[in-house]
Amino acid sequence: MRFALTAEQLELGSAVRDLLTGACPPEVVRDAWGADGEKSRVALWRQLADLGLLGAMLPEEHGGLGLTEVDLVPLMVEVGRAAVPLPVAETAAVLVPLLHEAGDGDAVLLALVAGDLVATAELEGTGLLPWAGCSDRALVRRGTELRLLDLTGVPLEPVATVDGSRAATRTPDLDGTAVNADPAALERAWLRGALAAAAQLVGLAQRQLDLAVSHTRDRRQFGVPVGSQQAVKHMLANLLLELRFCVPVVQRAAVSLAAGSPEARAHVAAAKAMTSRLAERAGRTTIQAHGAIGYTVEYDLHLYVKRSWALAGSWGSAARHRAVVADSLGLPPAVDPSALPWEAAR
Amino acid sequence: MDLTWSPAEEAFRAEARAWLEANVPTGLPSGDTREGFAAHLQWEKKLFADRWAVVSWPERYGGRDASLWEWLIFEEEYYRAGGPQRVTQNGIFLLAPTVFAFGTPEQQDEILPRMAAAEQLWCQGWSEPGAGSDLAGISSRADKVDGGWRINGQKTWTTRGAFSTHLFGLFRTDPEASRHAGLTYLLVPLDTPGVTVRGFGRLDGDEGFAEVFFDDVVVPDSAVLGGVGQGWSVAMATTGSERGLTLRSPGRFLAAAERLRRLAVERPDAVTATARDGIVEAHLRAEAYQLFTLAQVTGIVEGRSPGAESSLNKLYWSELDIALHETALELLGPEAELDGPWSRGHMFTLSGPIYAGTNEIQRSIVAERLLGLPRK
């Protein structure tokens, strides 16, 4: 038993963190909201590829880093902390391992790992395709079948999203090419996507909390720092509490997924259920802790809050994942108790 | 990351499980009543006889030299088997770590074996009528006399004080010193002349609380634990145990979440969407607490002290315990008002955010020491 990251895992995490501190400051996320953001996105994608992040889960003999889901979690936490405005999780956690396991799409796979192509993925089937506006390829699901769409030159229908950096469009009506994936591979792809979202939500919450702590230490009202007031302290303590207890749950999900455990499904569900709730708490708490400046788009906080909101609902909402947990516990279905005691059940 | 147990740890678990399944008593009355306490003492003596009372202690004191991991495993198995409350907990989980850390060899040899054997029954004498959360505000005093100390004052909210034989507590030995300074940790046999103990009812009506009066009670110099005037820092060592994992190991909440799950399976007609979600929440939080603890124990084993993080433990377990019991009452519906394990359990959970430093105090500690927010 040793439930902690190894020195190598911590090192890789801080390497990604260092890179993103320089390469993805709030200005880059903010740029991605506008039409001028494409240049910095392309440059950032290249840097992430050079670091090996995009091919993190590809075996070393194929040019990747040969990492597992467990190694990937601290990296995705950093991607979240920086709110990277690119489909890093979709590429590194979903597409690369999937295409490698499927044994096809070699050219696409190599181009993704090299950073020559950007690819997004959406498996819930909502009809919305986040990151499509900055992607060359997209993985989508038709029934139980996975299709890889080539977005090159395809006219896409942009949709306005709360997080303006998401570059989301309607899912285009393209046939694409089939990706060889059995139901187990499809489930693994879904679970990896949910895990990567959960890990990003941890990093995003940490970023929001850091901003709120820094602001409430500096900001003075009534002659004292706002953060010396007990009401403010307790609000931020509650957020740290929730955050700190999400971390091991996300790590455990990665361990189960990497081990191919039958419990992986329930463990990933626990991780995403808890971090989706964490996202709600983080946004509400940190906006409140900032006061009026938190309720603006001029200050950086909203970049991270809005990404959290987007990820809270993506790759399965809290409700969906809580239902998976309920199922794993063998709970009876919910009854509707709205009838009065002498009336027939509705 | 390695979430597996070694063969030796698995063997330890199997041995503990087999013994507990064969020996855990069922239907014990509450240990917070005089008759119930006596019944629990029989169980404690049985645990001791087979060396399960204090598994992590050295063998010479009745333990098994078990690692922290094995201790966690034992706790998990104990509660999984439906083991009853530990009426000796304030000794074995709160005082003992302090005796191990600060006691003289003579104190250790005198106290620890008797505590393990449930012969010395210890209660905690910290709170006073004028000093609860503000522990440094205590006014009970101990004045130096030839060869010892003369104690005067009053302690209160002393859990199972009316059934205990000994009290450990903080007393003011230097009235000139301010607050945290000038306190001394003293060990007091309750049969010392001048001690009066009066039991009274907790929220559930059991005589689980006591107030303890000291009128010119004289104890020898050997009653001092950890040095005269050092009481505050000695006491803080116990506080960490009380807030953190020692007193409230995850096994307890995993077992409670499993009882809640079974309650729902037994009463499918009561499982509304709200209750169902409450059960999921209880399960998620109990597991999160377990996982947090595994990470924390990894840190302790590798030499990192949890420090102020024990406040996070305390906030989390105390609040998950309340929510879990509220969901059980929801499932029970009109039967929730019956005096029974869930309604009693619910009342007990309401003490969690109060004892060991209220949750409001813990939140301030988290904000100041973990987040670095200014004290004032």
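Reader: What should I know before I start?

Author: The model is predicted: local features need pLDDT of at least 70, side-chain atom pairs count only at pLDDT 80 or more, and totals for chains, interfaces and linings use all residues. Residues are numbered from 1 along each chain as its sequence is written, while chains are lettered from A and ligands numbered from 1 in the order in which they are written.

Reader: Into which domains is chain A divided?

Author: Domain bounds come from an automatic or database domain assignment. Here, domain 1 of chain A covers 7-181 and domain 2 covers 184-328. Their C-alpha centres lie 21 Å apart.

Reader: How many residues of the two domains are in contact?

Author: Two residues are in contact if their C-beta atoms, placed from the backbone, lie within 7 Å. By that rule, 33 residues of domain 1 of chain A are in contact with 31 residues of domain 2 of chain A. On the domain 1 side, α2 (26-31), α4 (69-81) and α5 (88-102) of chain A each supply at least two residues. Helices (H or I, at least four residues) and strands (E, at least two) are DSSP runs, numbered from the N terminus. The largest share of that side, ten residues, comes from α4(A).

Reader: In what order do the strands of the open sheet in chain A run?

Author: Two strands pair if DSSP finds at least two bridges between them. The four strands follow the order β1-β3-β4-β6, with mixed pairing. β1 (119-122) and β6 (177-179) of chain A stand at the edges, each with a single partner strand, so one side of each is left without a neighbour in the sheet. β1(A) and β3 (residues 137-142) of chain A pair in the parallel sense over four bridges. A:Leu139 in β3(A) is the bridge partner of A:Ala121.

Reader: How do I read a helix pair?

Author: Two packed helices are described by the angle between their axes and the distance between the axes. Axes are lines fitted to C-alpha atoms, for helices over the stretch in contact, and angles run from 0 to 180 degrees between N-to-C directions. Take α9 (residues 264-290) and α11 (residues 318-328) of chain A: their axes come within 8 Å and cross at roughly 145°.
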